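Hi there,

Here is the structure I promised to pass on to you. Have a look at it first, and then read my notes below.

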Amino acid sequence: FTVPYWSLPYGLMASDVLQGGAAAALPHVLGILTGHCYYFHKFIWPKMGGEDWLVAPDFLVRRLDPNSSANDAGRKSIEKALKKRKKGKGRKLGA
């Protein structure tokens, strides 16, 4: 039988329960609840006027975001070092 895409987590949970017993459903239930909580707090709650508190900390944004202005200095120094390096024909392996 086929399982519709929207019910895939529930179908996987049901198959695990049939194979391993009721305790096998616990990770699936936790995953489903976590996904629902994330979706609610990230998309629904801010539309209702609440604060979006699921944002990355500023130090991570500065460190990992390629569009951050703090990364420009590091990017420029890497480009400068790459321009300075010696370029040649190299050597063939085994020669």
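G50 counts as buried, because its relative accessibility is 18% (buried means under 20% relative accessible area, exposed over 50% and partly exposed in between, with a 1.4 Å probe and protein chains only). You will find G50 in the loop between α2 and α3 (58-64). From G50 to N67 there are 17 residues in sequence, and their C-alpha atoms are 27 Å apart in space.

G90 and V3 are 87 residues apart in sequence, and 57 Å separates them in space, C-alpha to C-alpha.

A word on where this comes from: the model is predicted, so local features need pLDDT of at least 70 and side-chain atom pairs count only at pLDDT 80 or more, while totals for chains, interfaces and linings use all residues. Residues are numbered from 1 along each chain as its sequence is written, and side-chain values use heavy atoms, with hydrogens and water left out.

Now the helices. The protein has four helices and zero strands (helices are DSSP runs of H or I with at least four residues, strands are runs of E with at least two, and both are numbered from the N terminus). The radius of gyration is 25 Å, well over the 12 Å that the globule rule gives for 95 residues, so the protein is more spread out than a compact globule. That radius is taken over C-alpha atoms, and the rule is 2.2 Å times the number of residues to the power 0.38. Along its principal axes, the C-alpha trace spans about 65 × 50 × 25 Å. Buried residues make up 6% of the 95 residues.

The expected span is 1.5 Å times one less than the number of residues. Just after α1, G21 takes a positive phi of about 95 degrees.

Helix α2 (residues 26-47) has 22 residues and reaches 31 Å from its first C-alpha to its last, close to the 32 Å expected. Where does α2 bend? The bend is at F40, by about 40 degrees (the angle between axes fitted to the seven residues ending there and the seven starting there). Just after α2, G49 has a positive phi of about 105 degrees.

Happy exploring!
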